[in-house]
Amino acid sequence: APSFLQQRNGDGSSNPKVPPTAWLDGMRGIAAFLVYIRHFGAIHHPNIQAGFGSSESNKYITQLPFIRLLVSGPAMVALFFIISGYALSWGPLRSIHSGSVDKSFERLSSATFRRGMRLYLPGIVSTFIIMICISLGMYNLGQKAYESDVDIPGFHEPQPPMWLKDPFSVQFWDWVRCTWAWINIWHSTGHAYNPHLWTLSMEFRCSIALFMALLALARTRAVYRLAGLASFVVYCYYTDSWPEWLFFAGATRSEEHTSELQSHHDL
């Protein structure tokens with residue numbers, strides 16, 4: 001919370017409670033900013049994603065190795081998934097290592113119950129606002145720019161459906177149909193009213209898979225639990241399930257970290 005909203009002591013100082021995984025929020029913030037750079041830059045620079053030297057025109061400094069990561073959105077999406085796997089595993093694993101397996105079961109039960117709402121509700125609200133803005137004509141100017149190679153010479157972001165000449169009910173029910181397709185976990189797709197939400201359905205599926213793995217390994221010894229999570233990484237990698245193996249990679253590192261902390265605590 002901002003400093004002016006924090007509770008103050010008598011001497012004017014504050015006692016903010018910083019969770020042990022607060023540093024992950026900083027990593028998320030940096031990754032989100034870099035994803036923004038990628039999306040904003042791609043509409044103005046056609047070759048922002050191309051590698052240096054891939055053609056005669058691709059000779060920009062930002063296309064060099066490592067520097068290119070600053071404008072490469074997919075790399076940051078991968079980082080998001082690793083962070084999610086780490087953060088979701090942290091609480092249950094800390095409980096397991098402290099000897100409270102039942103507490104870890106409570107955490108997993110609560111996280112499983114809340115996960116769908118935490119991921120999908122913000123997207124439902126934001127796409128509903130987009131649908132209202134479309135009906136009010138607030139997307140008309142953007143649609144004209146979208147059709148112009150001068151205003152948008154680079155990547156053309158997918159635009160939401162616009163039923164401007166039809167009654168409001170047509171736009172509303174189209175939004176309902178697109179929202180239902182988006183939250184369909186069996187055949188998940190991106191949301192037509194905000195294509196950038198495509199990762200959330202993947203995150204939900206990966207989260208449930210991770211919770212099941214943690215539940216299955218909760219009563220095993222630490223070395224077997226670490227081996228089990230690492231084996232899931234390998235299995236998902238060789239079955240082309242890239243979101244899942246990133247989640248399990250984060251969980252594997254979380255198991256290593258929580259085990260190290262418990263070892264230091266025992267000493």
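This is a predicted model: local features need pLDDT of at least 70, side-chain atom pairs count only at pLDDT 80 or more; totals for chains, interfaces and linings use all residues.
1. Is Ser104 buried or exposed? Ser104 is buried, because its relative accessible area is 0%, where buried means under 20% relative accessible area, exposed over 50% and partly exposed in between, with a 1.4 Å probe and protein chains only. This residue belongs to helix α3, and helices (H or I, at least four residues) and strands (E, at least two) are DSSP runs numbered from the N terminus. Leaving aside residues up to four places away in sequence, Ser104 touches Pro92, Ser95 and Ile96, a contact being heavy atoms within 4.5 Å. The side chain of Ser104 also reaches the backbone oxygen of Val101 at 2.4 Å.

2. Residues are numbered from 1 along each chain as its sequence is written, and side-chain values use heavy atoms, with hydrogens and water left out.

3. The largest pocket has a volume of about 1100 Å³. On a 1 Å grid over the protein atoms alone, a cavity is a set of points where a 1.4 Å probe fits but cannot get out, whereas a pocket is an open set with protein on both sides within 12 Å along at least five of seven lines, and lining residues have an atom within 4 Å of a point. Grid points are joined across faces, edges and corners, and a volume is the space filled by probe spheres set on the points. Of the 39 residues that line the largest pocket, Arg28, Ser84, Arg115, Leu119 and Glu203 are the closest to its centre. Two or more lining residues come from each of α1 (22-42), α2 (73-97), α3 (101-135) and α6 (198-217), and the largest share, 11 residues, comes from α2.

4. The structure holds eight salt bridges, each a side-chain nitrogen of Lys or Arg within 4 Å of a carboxyl oxygen of Asp or Glu. Arg115 and Glu203 form one of them, at 3.5 Å from N to O; because Arg115 lies in helix α3 and Glu203 in helix α6, this pair ties together parts that are 88 residues apart in sequence. Both Arg115 and Glu203 are buried.

5. Another salt bridge joins the side chains of Arg225 and Glu255 (3.1 Å, N to O), and this pair links distant parts of the chain, with Arg225 in helix α7 and Glu255 in helix α8, 30 residues apart. Arg225 and Glu255 are buried. Glu256 forms a salt bridge with Arg253, the closest N and O atoms being 3.4 Å apart, and here both residues lie in helix α8, three residues apart, about one turn of the helix. Glu256 is partly exposed at 32% relative accessible area, and Arg253 is partly exposed at 37%.

6. Glu157 sits in the loop between α4 (140-146) and α5 (168-183) and counts as buried because its relative accessibility is 14%. Its contacts, not counting residues up to four places away in sequence, are His39, Ile43, Tyr146 and His196.

7. Phe66, in the loop between α1 and α2, has a positive phi near 70° although it is a residue other than glycine, and Phe66 is exposed at 71% relative accessibility. Asp240, in the loop between α7 (222-238) and α8 (242-266), has a positive phi near 60°.

Technical notes:
A polar contact is a pair of N or O atoms within 3.5 Å; within protein, one must be able to donate a hydrogen and the other to accept it, and residues adjacent in sequence count only if both atoms are side-chain atoms.
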